[in-house]
Every structure is written in C-alpha cells, then in structure tokens.
Amino acid sequence: MNDKKIAAKRILLFILFAYGLYWVPAGLCDLLGVLQSDAGFYLITAYAMFTPAAGSLLTRFLTKEGMKNSLLRLHFKGNVKYYLLGIFVPLIYSLISAVIAIPALNVTPGRDVLVEAGVSPIGYIAVIFFNIAVSLALFPIFLGEELGWRGYLFPHLKTIMKRPAAYIVSGIIWGVWHTPAIIDGLNFGKDYAGYPFVGILLMCLFCICTGIIFTWLTEKTNSVYPAAFAHAVNNNAAPLITGITLNSEAVLQNFAMGITGVFVVAMFCIAETAHTRKR
Amino acid sequence: MAGLLYKELILNKKNLVYIAIGELFASFLVILPLIYQSGSEDTEYVMGFFSTFGFFMMFLIMGMMVSGIFQTDETKKWAYFICASPLTHTGQILSKYLFTLLLYITLLVWCYFLTAFLAVFNQTANFAAAFEMLWIMLFANAVEFPFIVRFGSKSGTYVKTAIGTVLILFAFEWILFGETSFLSDPEKFFALFERLSDASAMTDIFLILTAVIPYLSAGLYFLSYKLSCKLYPKGAEEYE
C-alpha cells in the first residue's frame, strides 16, 4: 500500500473515533433524556473536547504509527513570540471584527453588554483579562481538540491533498464535528432561520478560518501548545470583545460578524506561509 | 526536559497517591450539594459555601504536598550529576517548577469537571474560587521554593510553618478581640457570603484585583524560578 492510501486509511479511522466518541454518547444522552438541561450538554461538550485527542491516540495505537510527529514537545526556545501570538491572536481578530461591525451594523459600542454585565468599561476590561487567565489555566481541555485536529488530522491530510484543500477539508471535518452542540443550541440557540443547517454551515466557515490560523501557529513552532492557547482564548475571552459591539440577542449575527476578523487574520497567515515557503 | 518530568512522576508516585486521596475527600465536600438538594435560597448559599470551602481545601492539600517534590533528590551526588549534564541545574529547577504547575493545572481541570458535573443537577459550584486559589497557592509556593532550594526542604518547611504560625496568631487575635458576631449567627454569616459571591455587586477595584492576581502570581512564580536557579549551587553544597 502506498503512503497516500495508508494516510487516507488513518484519517478515516481517526474521524470514526473522533466523531463516534462524541456523537454516540451525546446522541444517547439526548435520546434517553439523561442530560436534558443546557448544563448537562455543557458537561458532554467538556468531555467531547478530549475525543479528538483520544481518536488520534487510538488511531496511532491501532495502526502501529507510534507517537512520532505528535507535536507534543514545547519548542519554547526561539518561539516565545508565537506562544504570545497564540494568546493574543484571538483578541486581535475579535478587535478587527468589532471595528468592522461598528460601521457595518451601525451599532454603538458597549450599548448592551456593559448594562447587562452591570460593570464599568474598566471593570469589563478586567473581566476580559480575568477570562484570558482562566482560558490559559484551562488549556489542557483545548489541548484535547488541538492534538486531534492540528496534531493529527491536518498533517495527514497534507500528505494526500494540496495545502489549500487540506485547510478546507480539515475545517469542514472540524466544523461538522460540532453538530450535536449546534443541534442542542449551545452555540447559536435554536431560534433562527434554517436551524440547524445554517448554524452548521457558519461553524464550518469559522472552523476553516480559525483552522488556518491555528495551523499556522502549530507549524511555526512545531508544537500544538500555541494553538491550544489560541483555542482557549478564542472560546472564553474573544467573544467578550466582539460581543461589546453587537446585539446580545442576535447570537448568529454576532458569530457571522465575528468571522470577518478571523478571515482577515487567516488571509495574513496564508500569505505569510506562502512567502516563507517560496523563500 | 520530558525525561526530567518523567523522573519527577516516578519519584513522586507515593506523594501523588496521597494527593489523589486527599483531593477525593475534598471533592466530596464540593459534591455535598447533591445530597442536600433543595430549592430554597438559603440552602443555595450553604451549597455555594460548601463548594468554595471544598475547592479551598483541595488547593490547600495540593499546596502542602507539592513542597515534597523538592525533597525527592536532595543528594550531593545527584546535584553534581545534574549540574554536569547538558540541562544543568536550571533544567532540574525548571522541571520541579513545571511539574508543580502541571499538578495545579490538572487539579483546576478536575475542579472544572466537578463544576460542570454539579451543573447537570442544577447546582452551582464557585469555580472562580478554585481559580483564585490556584494563583494564591502558586504565590505561596513562589515564596517557599527558593527557601527550600537554598536551605533544604526541612528548613523550607520551618519557614512555611513560621509563616503559618504568624497567620494563626493573627487569626486568634482577631477571634479574641475582633468583630466576630457574624460567625455565631448563621443568617449574618451567609448574608456576608452572599454579598461576597454576588457578581453584580462587585466593584471595579474587586474586578481589577481578581484580574491582576493571576498575572502577578505568574510573574512572581517566574521570578522565584530565576532566583532558585541562582541559589541551587549554594544549596547543593549543603546536601548530604
């Protein structure tokens, strides 16, 4: 069997594990009504974040691939700037989204969120920094996802297809993986036109763009940790920045607007990668 | 570095078992709300108090046990060997600091899952308390570790005991002469706890403080590592 066939077999096995370990328990819980509350699904989602890592480990074990190229080493020396970028990139693309949103949607910054949170602008900034610290301390949860998507899926996809196609395919696989959470309304609620397909489509778009950024961080450091930091800050602190400019009730609109900033930064990452590869 | 971290894991196997047992007992305090489920508001504050106290105990247990990590290889032969290795003594100290940090982060993730688990049963646990305790304990360890490195784990323990004794003396003085009427009145006590846990009543100064503490502790922890690296060669001279 040639290298491409072996890689394709491994990718299929990985997808089977990453999806199966999440979708089967989530579906069963939903069917049996064990975890009916939002909080219940929150627990399942927290568990789910480890399934891509579990999928990659199981695939490595079953295909006798071993732990080579697992990107688990820190490679901290000389890469401090990329570690810092991992923390700040989600804030940068959120700020870009917010700047685009103000004229595009004709909104007044801080209108809803500050009143809702009952804090002053300084207090809100403190809350953002507090959430960044929480995100960084909880990075092992996000490492679970990054070990699978960036540490296993993308490098294997790259061996069977061209880089741009690998970005798109890995983003779609990652986005569709979120389906149980989207169906349960965890990301966008359930009250929107085209539920849940529009939500899944938007999530795929978001995952393609963020996937490009996280892959860029991973390839620059040859380590999954900066991507795990970025993922953690993206989920916990970045929404506080985009949220400040938008209507807190239009969750789907907020998310769609949030993608604009991610897209800008993703384009920069593609250009930088192309430039580096040319050299 | 991975090898040194693995060495820490093997050398501290016993210590880790004790920590795990202690943490399981403290976790029981956090899940007590499940046993006393009730919809009344008063009970909610009692439950919030239990989770805060449980998380506090969990990090306290970890904080007390982690100083044992330095005790495992306090011998001259090892110190000379590691100083002559490519990683040098900075690698040795870094592995100890990283191992401690990893233990705390593992505990925080455990607290996160406990909080999520309680949420399934519509009970709230004060995860923010666990998070702040992480940084407070790191702050305490950042002060303690250079003493351990320079004077050995026994002397380091004396320093920790001395600080603890001073704090207990202050607490005694406060209990004897301070305003403690709220401790004997459960209603007053939980009213105070409610005020402290109410997010909407938090002032800007309180929010800034809670945001600054993690960064301050992380900075101090890094400085403590740098100081320990400088102190290690002198401390190693006094090993047996």
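Q: Axes are lines fitted to C-alpha atoms, for helices over the stretch in contact, and angles run from 0 to 180 degrees between N-to-C directions; at what angle do helix α7 of chain A and α7(B) pack?
A: This is a predicted model, in which local features need pLDDT of at least 70, side-chain atom pairs count only at pLDDT 80 or more, and totals for chains, interfaces and linings use all residues. Residues are numbered from 1 along each chain as its sequence is written, chains are lettered from A and ligands numbered from 1 in the order in which they are written, and side-chain values use heavy atoms, without hydrogens and water. Helices are DSSP runs (H or I, at least four residues) numbered from the N terminus. The axes of α7(A), residues 139-160, and α7(B) lie 9 Å apart, and the angle is about 85°.

Q: How is α7(A) oriented to α7(B): roughly parallel or roughly perpendicular?
A: Angles of 65 to 115 degrees count as roughly perpendicular. The packing angle is about 85°, so α7(A) is to α7(B) roughly perpendicular.

Q: Which residues of α7(B) make the contact?
A: Contact means heavy atoms within 4.5 Å. α7(A) contributes F139(A), P140(A) and I141(A), and α7(B) contributes I105(B), V109(B), Y112(B) and F113(B).

Q: Which helix gives the most to the lining of the largest cavity?
A: A cavity is a set of points on a 1 Å grid over the protein atoms alone where a 1.4 Å probe fits but cannot get out, and lining residues have an atom within 4 Å of a point. Q92(B), I93(B) and K96(B) are among the lining residues. α7 (88-120) and α8 (127-177) of chain B each give two or more residues. The one that gives the most, with three residues, is α7(B).

Methods: 1 Å grid on protein atoms, 1.4 Å probe; cavity = no way out; pocket = protein on both sides within 12 Å on 5 of 7 lines; lining within 4 Å. Parallel < 35°, antiparallel > 145°, perpendicular 65-115°, else oblique.
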